[in-house]
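Work through the exercises below with the model open beside you. Try each task before you read its solution.

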Amino acid sequence: MDFVGEADGVDLRYRALGDVASALASYSDLDDLFLSLRRHLDPLLEFTFLAVALRDPDSDGLVRRFYDPRDANASRLIGNRYTLFNSYPGLAVRTERPVYIPRTEANGLYPSELLVEYGVASYCAVPLTTARSTLGTLNFGALTPDAYTPEDLELMAQVAKLVAVAVENAQSLDAVREHQAALQRERDQLDLLLEVTNAVVTQLDTKALFRAVAPALRRVCCADMAALTLFDPEAGVLRKHACDSGVSDSGACEEPTQPSRVYEHTIDGSPSGLVFKEAKPRIFSRAELLEYAETRDFFMKYDIQSACAVPLATAKGVIGTLDMAAFAPDAFSPDRFGLLTRVAGQIAIAVTNAMSYERSEQLNAQLAREKLYLEDEIRSEQLFEDIVGRSAALRRVLREVETVAPTDSTVLISGETGSGKELVARAIHQLSGRRDHAFVKLNCAAIPTGLLESELFGHEKGAFTGAISQRIGRFELAHRGTVFLDEIGEIPLELQPKLLRVIQEREFERLGSTRTLRTDARLIAATNRNLASLVEEQKFREDLFYRLNVFPVHVPPLRERREDIPMLVRHFGQQFARRMKKSIENIPSETMAHLVAYDWPGNIRELQNLIERAVILSPGMTLDVPTATLTPRAPAAVREPARETLEQTDRRHIVAALESTNWVIGGPNGAAARLGMKRSTLQFRMRKLGITRAR
């Protein structure tokens, strides 16, 4: 009976071995295999401590995984590491034979704190050997000494063979999976590079380019957000140009309608700025991200745990950064820097091309606007091609024009209506370095107050009733050229601070927009009013007056340059005769004398209109001027006091005194002494009246 019972026990063991083999064959994951091993071995062997030690391919040692005997469900894996030369499992691997210690001792051949900790009294390490190699050991431990018989050791060897095959299969499957994953990563990387290359070739818009490559970039780099940050050299800030989070149907996160410190930040105020400055890729932890005050709110809002930034490097330097962020910590690894650097290099090329294209489009649009404006100018009645005259007063003005034209300084031209202030402004523009760009003019008195701001700075669509489309203002149109504002004294007080800002800061906003634009336009202003008096009457801002009055130029009225009248008459006569296809060769001397004697309250414009009428009325080659329409010149003693203002009288008197002293102001024989005033008082009056010496 005993023999039969023993045989039955052996049969049960081997049937159990078959069950173990079947169970182990169903597992492809090592952790799952080890977790199921204990419950399948429970019916076969007595053990309290069960462990599997596998060789570490990266070191000359073993990694042991065992189940905490204090865990009733045997569900917690614990691991430790040791070498092949100071442990019983290492001895079993080296000899490829089981090592059985029936009675463990704290000071044995290979003392083990682990066995002592768990109270293991008898211990056995069985090598896991296949036809190819020894993979490790299967380790059993019991709380009692001499726990295992030779039959138990034989069974352990059989179980070890089954476990070895299962481990080898699982490791092979792991290797296959890892290889497949590596191939998939490589395919993803190649797909990403291909998408970037296609986008570089086909996309000319920076945002469209980034939208095309961002999904693949996020997928390959395990990122939840990707952004393109570019440096604005004029503003000196970094600005997000495109952002993709993959959280919406469109695949793009919401972009701001106006700049904010989240989307626009200084170089020292963000992680992107550090990468831009160092020109090296970096990975940032959450703690590092929150150190930057300007972007902290953004990272906290989206609960960003880690981020990575790569510089967009070109031959001319870094133009921005390629940024990625993740909701998980440690989402990025330096081993991706090579791929990201290649992607960033291609994106940098595309961005450079796109920016060049955008600049070209802007330049073409600017040239088109200038062309339309100049065509309008040509169609308008521009009858002056040059300034005509040789009088001393006019030569003084022209010398001042030659002096100030090469500079970019603001010029204030004063003079009576019709005296030729616009011609002087055009001469300044033509003699300056801005001659190849637009000369844009605006008569401030001819535009309704409510529309003047729109004319100067432009407006956005819908900015006010009737704004059905975007409009470019005169300062934007005159970028790199010249703006000529005639009748500057008519600008309302509420608009003057904005004009002062554009003169000083070169910045403005279109009406209905919060976006700040910059312009490199030179300002030339003209007025027929006394701005100093308007300042005293608080009708004109004092700071704006001083900013305009950097270089004052006074254009004399026609009555102060009578010697130029004959030249002007002949010039206008020939000009109108050519337009009307007539031939005017003679001008009677009596007619010319009458024209020279006339005071011309309307100045050159009045003379121009009179000569045009005369050419129309002239039937032959002699200019027939209707002089009867001109009021005869009254004697100076009778009419001068009535016609001349107090300011004009003061000016004429001071100029006469200065000319008589050869423009010496101080001293006993100076103009101040002759006028009976202090030198400082005379200098103040000269500045107020705009009196300067002709050079």
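Helices and strands here are DSSP runs, numbered from the N terminus; a helix (H or I) has at least four residues and a strand (E) at least two. Keep in mind that this is a predicted model.

**Exercise 1. Describe how α22 packs against helix α24.**

Step 1. Take the geometry. Helix α24 spans residues 679-689. Its axis and that of α22 come within 11 Å and cross at roughly 125°.

Step 2. Name the arrangement. Angles of 65 to 115 degrees count as roughly perpendicular, and those over 145 as roughly antiparallel. The angle therefore makes α22 oblique to α24.

Step 3. The crossing of α22 past α24 is left-handed.

Step 4. Name the residues. From α22 come Glu 647, Asp 650, Arg 651, Ile 654 and Leu 658. From α24 come Leu 682, Arg 685, Met 686 and Leu 689.

Step 5. Sort them. The contact of α22 with α24 holds five nonpolar, no polar and four charged residues.

**Exercise 2. Helix α18 packs against α20 and against α19. Describe both contacts.**

Two packed helices are described by the angle between their axes and the distance between the axes.

Step 1. Start with α20. Helix α18 covers residues 565-579, and helix α20 covers residues 603-617. They pack at about 45°, with axes 9 Å apart. That angle makes α18 oblique to α20.

Step 2. α18 passes α20 in a right-handed crossing.

Step 3. Name the residues. On α18, the contact uses Leu 568, Val 569, Phe 572, Gly 573, Phe 576 and Ala 577. On α20, the partners are Ile 604, Leu 607, Gln 608, Ile 611, Glu 612 and Val 615. By class, the contact of α18 with α20 has nine nonpolar, two polar and one charged residues.

Step 4. Turn to α19. Helix α19 covers residues 589-597. It packs with α18 at about 120°, with the axes 9 Å apart. Again the angle makes α18 oblique, here to α19.

Step 5. The crossing of α18 past α19 is right-handed.

Step 6. Name these residues too. Ile 565, Pro 566, Val 569 and Arg 570 of α18 meet Met 592, Leu 595 and Val 596 of α19. The contact of α18 with α19 divides into six nonpolar, no polar and one charged.

Step 7. Val 569 of α18 takes part in the contact with α20 and in the contact with α19.

**Exercise 3. Examine phi at Asp 146, Glu 487 and Gly 458.**

Most residues other than glycine have a negative phi, and most peptide bonds are trans.

Step 1. Take Asp 146. Its phi is positive, near 50°. Asp 146 belongs to the loop between β6 (134-142) and α5 (150-202). With a relative accessible area of 44%, Asp 146 is partly exposed.

Step 2. Take Glu 487. Phi is positive here too, near 55°. Glu 487 lies in the loop between β17 (482-486) and α15 (496-504). Glu 487 is buried, because its relative accessible area is 12%.

Step 3. Take the glycine. Gly 458 follows α13, with a positive phi near 85°. In helix α13 (residues 449-457), the buried residues include Leu 452, Leu 456 and Phe 457.

**Exercise 4. Is Leu 155 buried or exposed, and how many residues separate Leu 155 from Leu 45 along the chain?**

Step 1. Leu 155 lies in helix α5.

Step 2. Its relative accessible area is 4%, so Leu 155 is buried.

Step 3. Leu 45 is 110 residues away along the chain, yet the two C-alpha atoms are separated by 8.4 Å.

**Exercise 5. How many helices and strands does the protein chain have, and what share of its residues is buried?**

Step 1. The chain has 24 helices and 21 strands.

Step 2. Of its 695 residues, 43% count as buried.

Step 3. The chain exposes about 36,200 Å², and carbon and sulfur atoms supply 52% of that area.

Technical notes: Residues numbered from 1 in each chain as written. Predicted model: local features only at pLDDT ≥ 70, side-chain atom pairs only at ≥ 80, totals over all residues. Heavy atoms only, no water. Axes fitted to C-alpha atoms, helices over the stretch in contact; angles between N-to-C directions. Parallel < 35°, antiparallel > 145°, perpendicular 65-115°, else oblique. Left-handed = near helix turned anticlockwise from the far one by under 90°. Contact = heavy atoms within 4.5 Å. Nonpolar A, V, L, I, M, F, W, Y, C, P; charged D, E, K, R; others polar. Buried < 20%, exposed > 50% of the residue type's maximum accessible area, 1.4 Å probe, protein only. Areas by Shrake-Rupley, 256 points an atom, 1.4 Å probe, with all protein chains shown as cover.
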